[in-house]
Amino acid sequence: MILTNTEEIPGYRISKYLGLVQGNTIRAKNIGRDLMAGLKNLVGGEIKGYTELMKEARTEATARMIEQAETLGADAIINIRFATSSVMQGASELFAYGTAVKISK
Amino acid sequence: MSELIVILIYLSSFIFFFYAIGKIIEIRHLKNLESREKALSGMVLTNTKKLPGDLIGEKAWLCQGSVVIGADHFKRLAAGLRNIVGGRMKSIESVLDRARREAVLRMAEQAKLDGASALINIRLETSTIGTAGNGNGLMIAEVLAYGTAFRARAKF
């Protein structure tokens, strides 16, 4: 599966557009991480626990998108976009969407 | 009266402590960013949709980098005061600026490691992920940078 956020893939021709695919996940921060983040938050700088958390969650959202594309029989997803929104205090939704396509050389 | 003075001294030393630590972290981070940006100066980074005309792409894949960053207590206090009168919040500007540069660097470094020579169609996204602890914190923000990494060669 080739993933890009451009409209074309160099070296390939897009033979069929299969439509929009998407994946999302909502994550809440957990207590252990929150405690460390609270301490770190006093002095500023990067909050590594949260960076990891968001990374994991985004990988999950991307995986769900890929899964959906695979059921459509796609070879690639183009024009991928990521969006993040906080749905409530302490929880955020990560969303990935793109266009599933079939490609040929 | 003397109790009030003691409380004031206690508070100000507390704030100064956060200011000092926050400042040290910030200066070290900025130095680190500068040296890493220099190391990546040969790489093509653009937010246009197509490769620069003199390059041909051979392989493309998605690449991303992200960072979650918080402002220190002193910055938060400064921003709170600034919020009353309005105007530029310089203390928070620098936090977000550092986060963006860090996110772009992480993305570019990962791409370079995987053998990319160009990164195109870069998008940056910022979102607040809420406040930590008791909720009086001003901000924790996440910055995500993503783009398409290319293994490219020159046309001629």
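This is a predicted model: local features need pLDDT of at least 70, side-chain atom pairs count only at pLDDT 80 or more; totals for chains, interfaces and linings use all residues.

Tutor: Helix H2 (residues 73–85) of chain B and helix H3 (residues 90–113) of chain B pack at about 130°, their axes 8 Å apart. Axes are lines fitted to C-alpha atoms over the stretch in contact, and angles run from 0 to 180 degrees between N-to-C directions. Helices (H or I, at least four residues) and strands (E, at least two) are DSSP runs, numbered from the N terminus. H2(B) brings B:Lys75, B:Ala78 and B:Ala79 to the contact, and H3(B) brings B:Ser91, B:Ile92, B:Ser94, B:Val95 and B:Arg98, where contact means heavy atoms within 4.5 Å.

Now to the largest nonpolar core, which has 25 residues. Such a core is a set of buried Ala, Val, Leu, Ile, Met, Phe, Trp, Tyr and Cys residues joined through side-chain atoms within 4.5 Å, and buried means under 20% relative accessible area (1.4 Å probe, protein chains only). H3(B) gives the most to this core, with eight residues. B:Ala111 is among the members that touch the most others; beyond its neighbours within four places in sequence, B:Ala111 contacts B:Met43, B:Trp61, B:Cys63, B:Ala116, B:Leu119 and B:Ala149.

A note on conventions: residues are numbered from 1 along each chain as its sequence is written, and chains are lettered from A and ligands numbered from 1 in the order in which they are written. Local features need pLDDT of at least 70, side-chain atom pairs count only at pLDDT 80 or more, and totals for chains, interfaces and linings use all residues, while side-chain values use heavy atoms, leaving out hydrogens and water.

Conventions
Buried means under 20% relative accessible area, exposed over 50%, partly exposed in between (1.4 Å probe, protein chains only).
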